[in-house]
Amino acid sequence: MKENAVAQSPFPLSEGEYTTVVLKAIENRVAESRASLARHLGLSRTTASTIVSRLIRLNLLKEKNLLREGRGRPGILLDLDESVWRAVGAEYHSGSWSFVETDLKGSIVRTMSVKVADRAPDSFLNSLVQGLSIFKKEVSGELLPAFGIGVPGLVDCDRGLIIRADDLGWQNILVSEYVEKRLKSKALLINRNRGAGLAEARFGGGRAAHQLVYIGIGTGISAAFIIDGALIHGSSFGTGEIGHITINKTGPLCACGKRGCLHVYSSGTAIARMVTAALNEGRESLLRFTMEEQQSISGEDVCMAANEGDSLALDSLREASRQLGLAIANIITISNPDKVIIGGPIGSIDSPLIGYLREEAERWAMPHAFSAVKIERSTLGESVGALGGACLVLDHKLSLAAKVRKK
Ligand SMILES: [Zn+2]
């Protein structure tokens with residue numbers, strides 16, 4: 001925020017809006033005391049102090065005494081109060097729900113995971129509600145009254161609806177309404193990879209990035225485009241649906257109904273399909289044992305085998321990276337990001353895939369744009385998507401805390 005942006009506005013903000021701005025200024029470390037808040041936001045000392053006192057009463061801010069050396073009174077610094085409120089986020093991936101509880105600073109306090117029996121939407125919804133109701137009972141502080149939920153597919157965030165999740169064959173699932181009716185608490189829905197991207201932007205490798213692209217690779221592929229911490233949704237929540245970029249007009253049919261989408265070449269499902277076909281043709285591989293043991297292969301299994309030097313696994317990752325690397329190159333050329341983070345259940349495994357993707361992206365991107373970007377692997381771990389859900393709750397902490405305290 002520009003200095004004195006508030007004071008220069010011809011339209012003064014309401015008290016509630018000033019409260020939001022003050023909380024954001026402390027959270028983003030634009031200011032750290034009553035005096036610097038007043039100075040940065042163009043508020044009187046009395047107004048700044050009144051708003052800070054309200055935020056302290058709501059347990060959103062706390063004061064810390066800073067001892068100064070020598071003479072003079074100790075300084076009083078302001079910071080988010082991480083001791084009281086807790087946010088709960090959830091995410092569905094690899095056939096399981098994962099849950100996280102965080103404090104106001106997004107530090108993970110507790111996690112839980114629940115396996116979902118099958119891929120039917122009813123099982124998916126039931127286990128979400130059961131998991132949330134168990135998980136919220138053990139919350140270590142006061143619960144901000146909302147749940148942030150990361151799900152696969154194209155999501156209408158306003159309606160809390162999965163419009164379609166093609167790799168799972170799902171359409172029109174009203175997730176938020178289902179949760180809200182049963183748990184009597186607000187449910188905020190987001191695509192799981194958009195959520196993970198938000199978590200990376202707030203708490204992970206994307207913290208310092210102005211223009212961040214997060215690419216999640218799991219059973220499907222989708223991305224988050226984040227500019228200065230704000231997620232770009234597009235006009236109908238479709239920004240980031242890179243799994244359905246057309247790679248080959250006459251390629252294999254995708255579950256979305258089009259041909260030759262990125263998804264059919266580079267998703268975990270596609271990698272597993274490639275390996276299975278090669279095994280059926282008699283190719284030697286460590287993955288033959290996995291196949292015999294589990295009756296199926298996942299993209300994650302292929303990454304693990306690649307790490308052991310298995311040549312079929314390495315070839316399959318190389319092949320998948322050709323199309324995905326090309327897509328990443330095009331994204332870099334058109335959006336000129338300073339960071340691309342590769343994540344999701346497959347992208348976050350430390351495997352040769354990230355190196356292959358870098359090579360392909362460099363081969364096809366415009367050198368000017370490529371020289372400005374860092375391509376990194378996600379390091380926030382497997383709770384990143386659920387942490388993204390918690391980010392949605394934390395974004396509303398002021399209104400949610402005020403609702404509980406009725407202030
Ligand atoms: Zn498609």
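User: A polar contact is a pair of N or O atoms within 3.5 Å; within protein, one atom must be able to donate a hydrogen and the other to accept it, and residues adjacent in sequence count only if both atoms are side-chain atoms. How many residue pairs are in polar contact between domain 2 and domain 3?

Analyst: The count is 11 residue pairs, both residues at pLDDT 80 or more. The model is predicted: local features need pLDDT of at least 70 and side-chain atom pairs count only at pLDDT 80 or more, while totals for chains, interfaces and linings use all residues. Residues are numbered from 1 along each chain as its sequence is written, and side-chain values use heavy atoms, with hydrogens and water left out.

User: Which elements of domain 2 give two or more residues to the side that touches domain 3?

Analyst: They are E7, strand E10 (186–191) and helix H7 (192–203). H7 gives the largest share, six residues. Helices (H or I, at least four residues) and strands (E, at least two) are DSSP runs, numbered from the N terminus.

User: Where do the domains run?

Analyst: Domain 1 covers 5–80, domain 2 covers 85–198 + 384–405, and domain 3 covers 207–377; the bounds come from an automatic or database domain assignment. Domain 2 brings 21 residues to its contact with domain 3, which brings 23; contact means heavy atoms within 4.5 Å.

User: What area is buried there?

Analyst: About 1600 Å² is buried between domain 2 and domain 3, with 55% given by carbon and sulfur atoms. Buried area is the accessible area (1.4 Å probe) that two parts lose on being put together, summed over both. Asp 166, Asn 193 and Arg 194 supply 37% of what domain 2 buries against domain 3, more than any other three residues.

User: Which residue meets Arg 194 in a salt bridge?

Analyst: Its partner is Glu 241, at 2.8 Å, N to O. A salt bridge is a side-chain nitrogen of Lys or Arg within 4 Å of a carboxyl oxygen of Asp or Glu.

User: New topic: what is the strand order in the open sheet of three strands?

Analyst: The order is E7-E8-E9, with antiparallel pairing. Strands E7 (154–156) and E9 (170–174) each have a single partner strand, so one side of each edge strand lacks a neighbour in the sheet. Two strands pair if DSSP finds at least two bridges between them.

User: How many bridges join E8 and E9?

Analyst: Four bridges link E9 to strand E8 (residues 161–165). Leu 161 stands opposite Leu 174 in E9.
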